[in-house]
Amino acid sequence: MQKNETNLPGLVLILDRLRSAHNTGNIFRIAEALGAGVVPCGYTPCPPHPKLEKTAMGTDKMVPWRHFETAAEAVDFFHEAGYTVLAAEPGGKEAWEMEFSFPLAVIFGNEALGVSGEALEKVDGIVSLAMYGDKASINVGNAAAAITYAIDAKRRGILKI
């Protein structure tokens, strides 16, 4: 990805300190399916990485991506480029009820720790998924799929709740 706004995709998935190369590879596949970009931050695995490559099934070579040292730096970059930046965290508005403005970046946080506090302080809002169980936990790759497909359905006018 380049800073030139015309080269940036309209939807970007920021990955804040994900531990699993398998989750990261899965998110590259989601991004490719939706024409989105991926921004691994911190110690999130990024290409080239053998476990990521295996799970990404070639999409790591197709999807625009850029690494930042921190998610907070990525938020600053995308704000400067004119993006709305949301964090996927509990306690926000549910994805299918939310209105989205584009270009849009969504931060998905560490599997155990969530989105970093420094990044959360800078976002424009929180997007969530419904959690009805006692554990209230969902895999980050699954959360990314559910939220980004809700965003896509809203963008295309398919979901009008």
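Helices here are DSSP runs of H or I with at least four residues, and they are numbered from the N terminus. With that in hand, welcome to a predicted model. Helix H3 is followed by Gly 82, a residue with a positive phi near 95°.

**Helix H1**

- Helix H1 covers residues 21-34, which makes 14 residues.
- At the start of H1, Ser 20 reaches out with a side-chain oxygen, which comes within 3.1 Å of the backbone nitrogen of His 22.
- After H1 comes Gly 35, and its phi is positive, near 70°.
- Which residues of H1 are buried? They are Ala 21, Asn 23, Thr 24, Gly 25, Ile 27, Phe 28, Ile 30, Ala 31 and Leu 34.

**H1 beside H5**

- The axes of H1 and H5 come within 9 Å and cross at roughly 15°. Angles under 35 degrees count as roughly parallel, and therefore H1 and H5 are roughly parallel to each other.
- Is the crossing of H1 and H5 left-handed or right-handed? It is right-handed.
- On the H1 side, the residues that meet H5 are Asn 23, Asn 26, Ile 27, Ile 30, Ala 33 and Leu 34. On the H5 side, the residues they meet include Val 140, Ala 144, Thr 148, Tyr 149 and Arg 155.
- Asn 23, Ile 27, Ile 30 and Leu 34 are buried residues of H1, and these residues also take part in the meeting with H5.

**Helix H3**

- Helix H3 (71-80) has buried residues of its own: Ala 71, Ala 72, Ala 74, Val 75, Phe 77 and Phe 78.
- What do the buried residues of H3 pack against? Their neighbours are S1, S2, S3, S4 and helix H4 (117-120).

- Arg 17 is not a glycine, yet it has a positive phi of about 60°. You can find Arg 17 in the loop between S1 and H1.
- Is Arg 17 buried or exposed? Its relative accessibility is 18%, and buried means under 20%, so Arg 17 counts as buried.
- Met 57 is not a glycine either, and its phi is positive too, at about 50°. Look for Met 57 in the loop between H2 and H3.
- Exposed means over 50%, so Met 57, with a relative accessible area of 60%, is exposed.

**Cis peptide bonds**

- The peptide bond from Pro 47 to Pro 48 is cis, with omega near -10°. Pro 48 sits in the loop between S2 and H2.
- Another cis peptide bond runs from Phe 102 to Pro 103, with omega near 0°. Pro 103 belongs to the loop between S3 and S4.

- Glu 99 counts as exposed because its relative accessibility is 64%.
- Glu 99 and Lys 154 are 55 residues apart along the chain, and their C-alpha atoms are separated by 7.5 Å.

Key: Residues are numbered from 1 along each chain as its sequence is written. This is a predicted model: local features need pLDDT of at least 70, side-chain atom pairs count only at pLDDT 80 or more; totals for chains, interfaces and linings use all residues. Side-chain values use heavy atoms; hydrogens and water are left out. Helices (H or I, at least four residues) and strands (E, at least two) are DSSP runs, numbered from the N terminus. The expected span of a helix is 1.5 Å times one less than its number of residues. Buried means under 20% relative accessible area, exposed over 50%, partly exposed in between (1.4 Å probe, protein chains only). A polar contact is a pair of N or O atoms within 3.5 Å; within protein, one must be able to donate a hydrogen and the other to accept it, and residues adjacent in sequence count only if both atoms are side-chain atoms. Axes are lines fitted to C-alpha atoms, for helices over the stretch in contact, and angles run from 0 to 180 degrees between N-to-C directions. Angles under 35 degrees count as roughly parallel, over 145 as roughly antiparallel, 65 to 115 as roughly perpendicular and the rest as oblique. A crossing is left-handed if the near helix is turned anticlockwise from the far one by less than a right angle, and right-handed if clockwise. Contact means heavy atoms within 4.5 Å.
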